[in-house]
Structure formats: C-alpha cells, structure tokens
Amino acid sequence: MNRENSKEKSRKCLIVYFSRSGKNYVGGQIVDLTVGNTEVVAKTIQEKTGGDLFRIEPVQKYPNEYIATTEVAKEELRTKARPELARSVKDIRSYDLILLGYPCWWGTKPMPVFSFLEGHDLSGKIIAPFCTHEGSGLGQSISDLQETCPKSTILEGIAIRGNDVKNAQGLVTSWLHDIDRAMNT
Ligand SMILES: Cc1cc2nc3c(=O)[nH]c(=O)nc-3n(C[C@H](O)[C@H](O)[C@H](O)COP(=O)(O)O)c2cc1C
C-alpha cells in the first residue's frame, strides 16, 4: 500500500473521508477553513499511498457557522441520524484496505460517516482510521467503528490536532508503515 513498499503495490487502497470546510474551532479559536483539517490529512495520505480518494458528502450541507453546526450535529447524534449521501463507492469490492478519515464530533464520528459505513459492504476489509480533533483524540470512535463493522478488521488509528495537520507528514508515514507491517504478518 505504501508507494515505497513493493510488496504492497498490488493491494488497492481507498482513502475515504468526511471533512467540513467553513468556520471551525481550531487551536482555541474560531477560524474559517477553506480546506477542512481532515481533508488536508486525507490528501497527504493520498500523496504517500497513491490510493483512490473518496469524499463522503451529505446531500444536506452543514451550516458554515461553527456553533450552528455543533447544534445540528448534536441533534443528529441524539437521534442516531443517518444523513443521505450524495454518492457511494461504485466498486467497493475492489479494495482491501480502507483508510477512513473524519473529524471528532461530539466524541465520535460525524453521522454521515456512519451512513457511509452502513451503506457499503465492508465485511472482510481492513479499516485503518485517522481523525482530526481539538482535544478528544479518537474519542469513542473506535469502539463505535467496531460495533458498526463487526466483520472488518480495525487497525490502530491516529489522531491529529487541527493545528498540526500541515505538519503531520512524519506521523502519517510511520502510521502507514505500521499498517504495512500489520497487513504482512
Ligand atoms: C460539530 C462539531 C463537533 C465537534 N466535537 C468535537 C469533540 O467532541 N472533540 C474534539 O476534540 N473536537 C471536536 N470538534 C472539533 C473538530 O474535531 C476539529 O476542528 C476537526 O479538526 C475538524 O475537522 P474538519 O475541518 O476536517 O471538519 C468538533 C467540531 C464540530 C464542528
């Protein structure tokens, strides 16, 4: 999967991510992100792996404002909403490894990520999660992922603070090596 690793060249990897641009809470203040934090990491991973990139896009966009978005997201979490997605992955069967990215929202994954996971057959797949956050790390997203995808193998995830996404090259590289190792043992 890692470009440099010849053993993994034949293995197809898909980078699936949800990320929201607009006003967000980063490093203790509200900033207007033209590119979401998780998208920055997803693109770093894409450059390093050469994998295919798929963005999870809900039909109904979230507000541009931070507080308004937290309110919508809180209600979606409370009601276990599964927002409708604009697109799905056409041939999910051709991928062995899914690198799954999301921001931590209310201590877990945003509900559109649940929509994605439940809308695709991920049995037998290896899923490696990466998240961006402001202090909660991966939160309870891993146990939620195991519950949603009981027939997938969930590898160790990484959590990156919003302010660090542009300097996450080293962390991402070592995480990808760990994934290579886990898949080859
Ligand atoms: C609705 C909402 C809920 C959030 N909840 C949390 C949280 O529980 N813990 C945390 O550390 N950060 C939380 N954050 C901050 C985001 O995880 C953080 O800003 C992330 O890097 C945003 O990624 P994105 O730009 O890819 O959407 C929340 C942000 C939003 C908009």
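Where is the place of Trp106? I looked and found Trp106 in the loop between E5 and helix H3 (111-119).

The model is predicted: local features need pLDDT of at least 70, side-chain atom pairs count only at pLDDT 80 or more, and totals for chains, interfaces and linings use all residues. Residues are numbered from 1 along each chain as its sequence is written. Helices (H or I, at least four residues) and strands (E, at least two) are DSSP runs, numbered from the N terminus.

**Backbone.** I noted that Trp106 is not a glycine, yet has a positive phi of about 50°. Most residues other than glycine have a negative phi. Trp106 is partly exposed, with 16 other C-beta atoms within 10 Å. (Buried takes 20 or more such atoms within 10 Å, exposed 12 or fewer, partly exposed lies in between; C-beta atoms are placed from the backbone.)

I then checked Lys80, also not a glycine, and read a positive phi of about 50°. Lys80 is in the loop between H2 and strand E5 (97-103). Lys80 counts as exposed because it has 8 C-beta neighbours inside 10 Å.

**Hairpin.** I looked up E2 and strand E3 (residues 29-33), which run antiparallel and are joined by five bridges; pairing takes at least two DSSP bridges. Two residues lie between E2 and E3 in this hairpin, and Gly27 in the turn has a positive phi of about 60°. Asn24 stands opposite Val31 in E3.

**Ligand.** I found 25 residues around the ligand, the closest being Ser19, Gly36, Thr38, Pro103 and Ser136 (near means a C-beta atom, placed from the backbone, within 6 Å). Strand E2 (22-26), helix H1 (37-49), helix H2 (66-78) and strand E6 (126-133) each give two or more residues to this shell. H2 gives the largest share, four residues.
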